Amino acid sequence: MLCITDYDMANLRSVQKGFERVGHEATITSDPAVVAAADRIVLPGVGAFRDAIAALEQRDLVEPIKEVIAAGKPFLGICLGLHLLFEVSYEEGEHQGLGVLPGRVVRFDIPREYKVPHMGWNQIRHASATRPPIYEGIDSGEYFYFVHCYYVEPADPSVIATTTDYGPPAGPQTDQPGFCSSIYHNNLTATQFHPEKSQQAGLRLLKNFAEWKLQGKT
């Protein structure tokens, strides 16, 4: 069962329709027991970090999400779902995240000629020669759709799967130019861009995730 986690902060039907278009059913649920029992989990999100953490806590979804990640089940975060995986966000204050990965969420601090939010189509660049399974058939230079004011700065650069240029280089955490536009670590992957809004490249990524077979798992 592929589960899309509902905490009332995303266009869940768009994500569900994306999976349906590539031949995979996806269940939308806010039931912690269903999330815990799922074979693979998607955590989408649009909105404020503080509100998202509060919504997950109110629905008793924090522990099931952490447990399914710790259990090694395939997990995909989208946009705010990427931010929530990290330790702390500085969006409108300082707020603690799920703490699955070390690092922080920060706002673009770039010259005024670059508009914030970063909105529209932009290219990804693979951070290493070894591509994560969800990027099978997706090359550097492919365009995806972004809408965000904040981005993640992982403490461990090795989890960065792709970067994207927007403004000057984003920080000292990586030798790659641009900001971190997706991460990959073991069974965990997440994107800053919206694959459900990214036409054929996005559908390919969703299909790759739905069919991702981890070592020792079916």
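Lys-73 touches Ala-36, Ala-37, Ala-38, Asp-39, Ile-41, Val-68, Asn-187 and Leu-214, leaving aside residues up to four places away in sequence; a contact here means heavy atoms within 4.5 Å. Before I go on, this is a predicted model, where local features need pLDDT of at least 70, side-chain atom pairs count only at pLDDT 80 or more, and totals for chains, interfaces and linings use all residues. Residues are numbered from 1 along each chain as its sequence is written, and side-chain values use heavy atoms, with hydrogens and water left out.

Back to the lysine. Lys-73 sits in the loop between helix H4 (62-70) and S4. Helices (H or I, at least four residues) and strands (E, at least two) are DSSP runs, numbered from the N terminus. Is Lys-73 buried or exposed? Lys-73 is buried and has no salt bridge, the nearest side chain of opposite charge being Asp-39, 5.8 Å away. On the terms: buried means under 20% relative accessible area, exposed over 50%, and partly exposed in between, with a 1.4 Å probe and protein chains only. A salt bridge is a side-chain nitrogen of Lys or Arg within 4 Å of a carboxyl oxygen of Asp or Glu. For charge, Lys and Arg count as positive and Asp and Glu as negative, while His and the chain ends are not counted. What the side chain of Lys-73 does reach is the backbone oxygen of Ala-36, at 2.8 Å.

Next, helix H1. In H1, residues 12-21, the buried positions are Leu-12, Val-15, Gln-16, Gly-18 and Phe-19. Viewed down the axis of H1, these buried residues fall within an arc of 155 degrees, so they line one face of the helix; the arc is that of the directions from the helix axis to the C-beta atoms. They pack against strands S1 (2-5), S2 (27-29), S3 (40-43) and S4 (75-78), and against helix H6 (199-210). Just after H1, Gly-23 has a positive phi of about 90 degrees.

Now the salt bridges. The count comes to 7. One of them joins Glu-20 and Arg-13, with the closest N and O atoms 3.2 Å apart. Glu-20 is partly exposed at 38% relative accessibility, and Arg-13 is partly exposed at 40%.

Another joins Arg-50 and Glu-92, at 3.7 Å between the closest N and O atoms. Arg-50 lies in helix H3 (residues 49-58) and Glu-92 in the loop between strands S5 (86-89) and S6 (95-96), so the pair ties together parts that are 42 residues apart in sequence. Arg-50 is partly exposed at 43%, whereas Glu-92 is exposed at 54%. Arg-50, Asp-51 and Glu-92 are linked in a network of salt bridges.

Arg-125 and Asp-165 also form a salt bridge, 3.0 Å from N to O. This pair links distant parts of the chain, with Arg-125 in strand S9 (residues 125-126) and Asp-165 in the loop between strands S12 (160-164) and S13 (179-185), 40 residues apart.

Last, the whole chain. The protein chain has 6 helices and 14 strands. Its radius of gyration, taken over C-alpha atoms, is 16 Å, close to the 17 Å that the globule rule (2.2 Å times the number of residues to the power 0.38) gives for 218 residues, so the chain is as compact as a globular protein of that length. Buried residues make up 52% of the 218. Of the contacts between residues at least 6 apart in sequence, 70% join residues at least 24 apart.

Terms used: A polar contact is a pair of N or O atoms within 3.5 Å; within protein, one must be able to donate a hydrogen and the other to accept it, and residues adjacent in sequence count only if both atoms are side-chain atoms.
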